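Please open the structure in a viewer and keep the selection tool at hand.

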Amino acid sequence: MLAQQYAGIKRDLDEKGIIFSFSGYLSEGILYSLGEALREKMTLEETDGPTVRRVFAVFVEQMQNIIRYSAEKMTGAREKPVELSAGMVTIGMEGGKVFIVCGNTVYNADVPRLRDRLEYLKGLDKDAIKTYYREQLRETPEEGARGANIGLIEIARRASEPIEYDFLEMDEGKSFFCLKARI
Amino acid sequence: MESLKLPATGRTPEVDFDFAQGVLRLSGESYPDDVATFFGPIFAALRAFLAEAGGHPIRFDMELLYFNSSSAKALMNIFQMLETAAGNGRSISVTWCYEENDDSMQELGEDFAEDLRHVSFTLKQIPADGAP
């Protein structure tokens, strides 16, 4: 029964082409360890350096988005401050391309603004993304933003196809948010 | 002014600012878990150095292989500081190194260079996985 259940989960992942997945509380420490494993695996497969870096760059921005903006968090300070944010990250192959999908809960109140930004980015071509990145690089960050606010642009820029995203409302307070990038 | 030297870590670049010689270098990868904590002392040292009257011409070698978007913002701050100092008459040249075939890194260099008027900026291709 136990093996059957987990074999089922594994089969689901395999069928979606997922070679790497993590679900649970993420932290900067986990980002580092998973990132190293990801790079080692790609390097062993003799993926060229720039591609490894592109995949890694998208992975880092996706993970940091979860760590910063997940609506399910535990924070605390023992020896040093710790921030654990719930979410999931999956990396797989599809039609010869690497894809990264991240998922995490967000507050419903934040959905419209996030959706607007993503929809805008999705509609830009390569040159427009580059111009947008250059503009935002020179802007001071928005109020309440902990990152550089160019993480999503960076993801769109390194992706080889337009980004895909979706929201699923879970209750009156939160929605599940997914973002997929193909590299 | 005393040099600023920080060894590379898994997530932060090597910092080698030889202020006496006017030769500054950042090399490696940058995706610190806390950008403000890592770049804060670098900004402070650079600001103090640039505020010194006269001084050597400055050479800044950027030999970064990868940096995340938060680090990009920090690098932009550094470029803006350099541009202001160069506008005030300091001679500053920046060399941006990127590995051959790494178009992303080359483009990022161009992103930073776009509005430099006083800093002399050079893109330099280096062999992949080789020391520059």
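Select chain A and chain B together: 20 residues of chain A are in contact with 20 residues of chain B, contact meaning that the C-beta atoms of two residues, placed from the backbone, lie within 7 Å. This is a predicted model, in which local features need pLDDT of at least 70 and side-chain atom pairs count only at pLDDT 80 or more, while totals for chains, interfaces and linings use all residues. Residues are numbered from 1 along each chain as its sequence is written, and chains are lettered from A and ligands numbered from 1 in the order in which they are written.

Next, select helix 2 (28-44), helix 3 (49-69), helix 5 (126-137) and helix 6 (151-158) of chain A, each of which supplies at least two residues of the side that touches chain B. Helices (H or I, at least four residues) and strands (E, at least two) are DSSP runs numbered from the N terminus. Helix 3 of chain A gives the most to this side, with 8 residues.

Now move to strand 6 (residues 174-182) of chain A. Which strands pair with strand 6 of chain A? Strand 4 (residues 97-107) of chain A runs antiparallel to strand 6 and is joined to it by 9 bridges; pairing requires that DSSP find at least two bridges between two strands. Here, select Val101(A), which stands opposite Lys180(A). Strand 5 (residues 164-169) of chain A also pairs with strand 6 in the antiparallel sense, over 6 bridges. Phe167(A) has Phe177(A) in strand 6 as its bridge partner. Strands 5 and 6 of chain A form a hairpin, with 4 residues between them.

Definitions and conventions: A residue is buried if 20 or more other C-beta atoms lie within 10 Å of its own, exposed if 12 or fewer, and partly exposed in between; C-beta atoms are placed from the backbone.
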